[in-house]
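Have a look at the sequence and the model below, then work through each task before reading its solution.

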Amino acid sequence: MEFSKDDLAEAKRQIDSISHKLTETIKTLEAKENPERYKSQITLAKRRIKAFEIANYLIESELAKK
């Protein structure tokens, strides 16, 4: 599947935005009175951030080819 440079740049921008929001969510959940209660949500958010880091790496690799 082929994507334009603009499509890839926009996808990267959106991923960066979501990653930032997830990072802030993790900080909020970890700062709560009983963060252990939110362990599953924190774990899920961290896994999503990792997935977005991989996606960003692949997008950057593709952009470097263009």
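Alanine 31 lies in helix α1, where helices are DSSP runs of H or I with at least four residues, numbered from the N terminus. A note before we start: this is a predicted model, in which local features need pLDDT of at least 70 and side-chain atom pairs count only at pLDDT 80 or more, while totals for chains, interfaces and linings use all residues. Residues are numbered from 1 along each chain as its sequence is written, and side-chain values use heavy atoms, leaving out hydrogens and water.

**Exercise 1.** Decide whether alanine 31 is buried or exposed.

*Solution.* Start with the cut-offs: buried means under 20% relative accessible area, exposed over 50%, and partly exposed in between, using a 1.4 Å probe and protein chains only. Alanine 31 has 63% relative accessibility, so it counts as exposed.

**Exercise 2.** Work out how α1 and α2 are oriented to each other.

*Solution.* First take the axes, which are lines fitted to C-alpha atoms over the stretch in contact, with angles from 0 to 180 degrees between N-to-C directions. The axes of α1 and α2 come within 9 Å and cross at roughly 160 degrees. Angles over 145 degrees count as roughly antiparallel, so α1 and α2 are roughly antiparallel to each other.

**Exercise 3.** Find the residues of the largest nonpolar core.

*Solution.* Such a core is a set of buried Ala, Val, Leu, Ile, Met, Phe, Trp, Tyr and Cys residues joined through side-chain atoms within 4.5 Å. The largest one has 7 residues: Leu22, Ile26, Leu29, Tyr38, Ile42, Ala45 and Ile49. Two or more of these residues come from each of α1 (5–31) and α2 (39–65). Finally, not counting residues up to four places away in sequence, isoleucine 26 touches Ile42, Ala45, Lys46 and Ile49.

Notes:
Contact means heavy atoms within 4.5 Å. Angles under 35 degrees count as roughly parallel, over 145 as roughly antiparallel, 65 to 115 as roughly perpendicular and the rest as oblique.
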